[in-house]
Structure formats: structure tokens, C-alpha cells
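Okay, thanks for making time, everyone. Let me put the structure up and talk you through it.

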Amino acid sequence: MTTELTDAGLEFVSDRHLAMLSTMARDGAIHQIAVGFTLHDGVVRIITGDGTQKVRNIERDARATVGQVDGRRWISFVGNAVIERDRADITLAENLYAARYRQPQPNPKRVVIRIDVDRVLASIGLRE
């Protein structure tokens, strides 16, 4: 999947930008919130607290999209998500997050939203 991105696309998803995570709410509405995310080996990762609305939504319906925009540049990653609770998975996600944003605050209830990307949509120049 990362091979679909140009050098400009890879740079765009490694620069410090926030994105919007969209999941499906219980009533079928779209639940959308701002998140930090990382892209590594074709997988999007978001660190968050267990029990949040986004986690509950994904546990009920795995569909998820993460979209980042900056001016005229934009990119979206679409796929199915799972919640990872294994310490090794959380440590990897925390390290990736620290490299892109900053060291995250300790959170004993931290989990990882892992999105296995099926489709990438992007503005011109970010995808091959």
C-alpha cells in the first residue's frame, strides 16, 4: 500500500498534521473526530483510550476512514479496523506516534486502532 504513495505522499503523511477519523455510530450516523495517526508498512495506527466512542464503534462495525488535509493537499485511507490491546502492539504504535508528533503521555488504558488499508484516495501528486 505505501508503494502507492509518491515521495510527496510519504512526506505528507509523516509531517505533523492531524486527521479526521470516521467510524459508524450505533444509529448509522458517521462519528468523526480529530486524531493523530501514523502510517507504517501499509497500516494506519491511532493511539487512544479503551472504552472511547471510537473504540466502541469499531468493535461494533470495523469500517473506518482516516483523512488528512492541508490546503489543497489531502489523503484518505479506507479499510477495516481492529482494536489492539497487546503491549507490544501498543509500544510500536506509541513509538511511531512519538516520531511523528511527540512522546505520548502515559495512559494505562491505551489501546491501538489498527486500520488495514484497502484503498487510498488522494489529491494529485500524492499517489502514483
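I'll go from the overall fold to the core, and then to a couple of residues.

First, the ground rules. This is a predicted model, so to speak of a local feature I need pLDDT of at least 70, side-chain atom pairs count only at pLDDT 80 or more, and totals for chains, interfaces and linings use all residues. Residues are numbered from 1 along each chain as its sequence is written, and side-chain values use heavy atoms, with hydrogens and water left out.

You're looking at three helices and seven strands, where helices are DSSP runs of H or I with at least four residues, strands are E runs of at least two, and numbering starts at the N terminus. Along the sequence that reads α-β-β-β-β-α-β-β-α-β.

How does the radius of gyration compare with a compact globule? For 128 residues you'd look for something near 14 Å, and the chain has 14 Å, so the two agree. That radius is over C-alpha atoms, and the globule rule is 2.2 Å times the number of residues to the power 0.38. The C-alpha box, along the principal axes, is roughly 40 × 35 × 25 Å.

On contacts, meaning heavy atoms within 4.5 Å: take the pairs at least 6 apart in sequence, and 72% of those contacts join residues at least 24 apart.

Burial next: 44% of the 128 residues count as buried. Buried is under 20% relative accessible area, exposed is over 50%, and partly exposed is in between, with a 1.4 Å probe and protein chains only.

Now the largest nonpolar core, which has 30 residues. By that I mean buried Ala, Val, Leu, Ile, Met, Phe, Trp, Tyr and Cys joined through side-chain atoms within 4.5 Å. Those with the most contacts inside the core are Phe-37, Val-44, Ile-46, Phe-77 and Ile-115. Elements giving two or more residues include strand S1 (19-24), helix H2 (53-60) and helix H3 (87-100). S7 gives the most, with six residues.

Zoom in on Val-44. Beyond four places in sequence, its contacts include Phe-37, Thr-38, Phe-77 and Ile-115.

Thr-38 itself sits in strand S3 (residues 38-40), and it counts as buried because its relative accessibility is 5%. Among its contacts, again beyond four places, are Leu-96, Tyr-97 and Arg-100.

Last stop, Asp-41, in the loop between S3 and S4. At 65% relative accessibility, Asp-41 counts as exposed. Its phi is near 55°, positive in a residue other than glycine. Most residues other than glycine have a negative phi.
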